[in-house]
Every structure is written in C-alpha cells, then in structure tokens.
Amino acid sequence: MQNIQAALMTAGLGSQVKVTVALNADVYQSASGKPSDGDFRADIHGLMLNIVQFLASSGAPFVANVYPFISLYADPNFPLDYAFFQGSTSPVVDGGVTYQNTFDANHDTLVAALRRNGFPNVTVVVGEVGWPTDGDANANPAYAQRFNQGLLDHVASGKGTPLTPGAPVDAYLFSLVDEDRKSIQPGNFERHWGIFFFDGKPKYQLSLRGNGGGMLVPARGVEYLQRRWCVLKPDADLGDQKVGDSVSYACGSADCTSLGYKTSCGGLDAKGNVSYAFNSYYQTEDQDDRACDFRGLATTTTVDPSTGTCRFIVGIAPTSTATRNVAARTAAVFFALLLAGVF
C-alpha cells in the first residue's frame, strides 16, 4: 500500500485515488460480545495500527468484509434471526443500545475499535456482504432474499448504525453471479453467492433501491445449447467401481456443490446424484458427445431430469453473441447498483 501510494503521489493522483485493502471481519473482535468493547485482535494489534495509521494519513477508508452467514455457518448455536434485519429474539444489549442484527453489531465493533485506538475519523466501507443460495442447509434463495433485501432496505433508509446514526452505510453487495470454479475450501456455499444464476436469470425478487424500486430483470437474448442432458443409464449398477470413479472425475472437473444435505439437490436418490454429476460435466464440456460416456455408464436424454428445487442445467452456447449479451446485462445491473447507492 505504501509503494502504491508513493507511485500515485509521484503521478499527481494521490488526492484523487485512495489506497486501501479489504480485510476479513476477524481482524477485530469484542471480548465481551458487545460492540462498544471492540478492538483489534491481540496477535495482530500492532500491524493493524500500522495499517490504520496509513489509512488515516491518506484519507482512505477501512474496508471490511462482513458475512453474517459465516457467523451462522461457524456456530450451530448462533441465533438465526439475529443474522437478518427484521428483529431478533436474542438481541445484544450494549449499554443504552440494543442491537437487533449482527450486521450493525459487526460494523460498530469495528467503529469502536477505530475509536478506541485514536482513529475516530477513519471511515468504514463494507467491501463485501451477502448471502449464498446453495451448498449448505442455511444457504437457500429464501434466506438470501430475506438478508439481501433487508440489507438494501437498511442502506436505503439512511439511518446508519447505532454508533453512526444518520451516516449512510457504504456497502458492496456480493455477488452478481455464481462462480462455479471458486475454491470451496471454506464450504460448498462459496460458489453460490450470486443474485443471478450463471445465465443471467434472477434467483429471487430483489429491490435494489429498497421499497420496491429497481427490481432485478433477466438477461435477454441468451443462447443456450440444445435441450439435452447427460444421465446415468437406467440399467447401470451403482455398485460398479466405475460409477464412483466417474462421479469423482466429473465433480473434479465440474461443479457438484448443489449436492449435499439440505441443498437444492439434496433430495435426489443415488442415481439422481450420479446423473447430476454427469450432466454438470457434460454441460461444462459444451455437450461434447465424448463427455457423456463415462466408460459406457451414461447416455443423453431430451427429457429434463430437473425435479423440485434441483435444476439440471443446460449450458450457454459458446458464441460471442451469448457472451456479449450476458456481459452487457451484467454491466447494466452493476450500473443500476451504482445508481441505487449500493456502491
């Protein structure tokens, strides 16, 4: 950051471009659980003060990534309603202030940490905040819509947080579309943060401006591959070692994170799981006939095997037209978010 700031100063841009770094919310904490007792983590306290001093000297914001979903994912005793914005049966009382949601509490823990260490004027930006829709029992479209709409309404209200009343919350909603190649080391939900599916279809209704304004619309003119899916042959023996090996290969090259306990495809039987894996790989390979063989275990079908909440995808045609259409819609939605004041 120091080197980049020096380069900007040399270029005469130091007052126009601010250098910062996004930090996870675990760099600060509260020993009591009350936001007013917020401080930077003891093992990195000196480093954090060096970073904050740099930010203060250049007028740059402190950027933190805040994920209430992660709090819920990491702690089975975390009160579910405290993750959202509609009030909680387990609020945190901090002196004369009552926190009804973890977002405000997390935000103000950082504000308190900055004030405690003599940096009350460093502004806070939430670099990432959102809710995934798949890959975990608590990652689903209903919860994502509930959280993201609550967040956007909260931002649009202009009420701020208890420690910063009336100050607009500066937050970046994460994310626009799913990422089927993202690392799943934190959990299978990592590939499902998008408010849109990979093909530009909204996952749920969302008012970007709050109070019903700026609703999501699907991408137009998207060109798909043929309505054809790759599935396990009906007479295949699930006990065949080739089945397990083939599923491992398919999921190693494609995305199978929608399979699991209480996920969108968690209700499939064993054969359905295999078919889902085969089809994911088949679509990734643009429906190449060789990608639906799996040592003679698979076959193609024109009958959509999707069932309930489980969606067997059909890939986007690998044409420049389709790519431009989705990219244009992505850019348009990003611009709408800017106009909505989310960014």
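**Core and pockets**

Author: In this predicted model, the largest nonpolar core has 58 residues, and the members that touch the most others are Y28, F40 and F62. At least two residues of this core come from each of helix 2 (45-58), strand 4 (62-65), helix 3 (68-74), helix 4 (102-116), strand 7 (124-129), helix 5 (141-157) and strand 10 (171-173). Helix 4 gives the most, with six residues.

Once its neighbours within four places in sequence are left aside, Y28 is in contact with D39, F40 and R41, with A64 and V66, and with N106, T109, L110 and A113.

By class, the lining of the second largest pocket divides into 15 nonpolar, nine polar and four charged residues.

The largest pocket has a volume of about 900 Å³, and among its 40 lining residues D178, F197, F198, D255 and I313 lie nearest the centre. Two or more residues of the lining come from helix 7 (270-284) and from helix 8 (320-340), and helix 7 supplies the largest share, five residues. This lining has 16 nonpolar, 13 polar and 11 charged residues, and at least three of its residues are drawn from each of domain 1 (1-196) and domain 2 (229-319).

Some backbone details in the loops complete the account. The peptide bond from F174 to S175 is cis, with omega near 5 degrees, and S175 lies in the loop between strand 10 and strand 11 (207-210). K262, in the loop between helix 6 (241-253) and helix 7, is a residue other than glycine with a positive phi, near 55 degrees; K262 counts as exposed because its relative accessibility is 55%, where exposed means over 50%. D286, in the loop between helix 7 and strand 14 (298-301), likewise has a positive phi near 55 degrees in a residue other than glycine, but at 39% relative accessibility D286 counts as partly exposed.

Note on methods
Residues are numbered from 1 along each chain as its sequence is written. This is a predicted model: local features need pLDDT of at least 70, side-chain atom pairs count only at pLDDT 80 or more; totals for chains, interfaces and linings use all residues. Side-chain values use heavy atoms; hydrogens and water are left out. A nonpolar core is a set of buried Ala, Val, Leu, Ile, Met, Phe, Trp, Tyr and Cys residues joined through side-chain atoms within 4.5 Å. Buried means under 20% relative accessible area, exposed over 50%, partly exposed in between (1.4 Å probe, protein chains only). Helices (H or I, at least four residues) and strands (E, at least two) are DSSP runs, numbered from the N terminus. Contact means heavy atoms within 4.5 Å. On a 1 Å grid over the protein atoms alone, a cavity is a set of points where a 1.4 Å probe fits but cannot get out, and a pocket is an open set with protein on both sides within 12 Å along at least five of seven lines; lining residues have an atom within 4 Å of a point. Grid points are joined across faces, edges and corners, and a volume is the space filled by probe spheres set on the points. Ala, Val, Leu, Ile, Met, Phe, Trp, Tyr, Cys and Pro count as nonpolar, Asp, Glu, Lys and Arg as charged, and the others, Gly among them, as polar. Domain bounds come from an automatic or database domain assignment.
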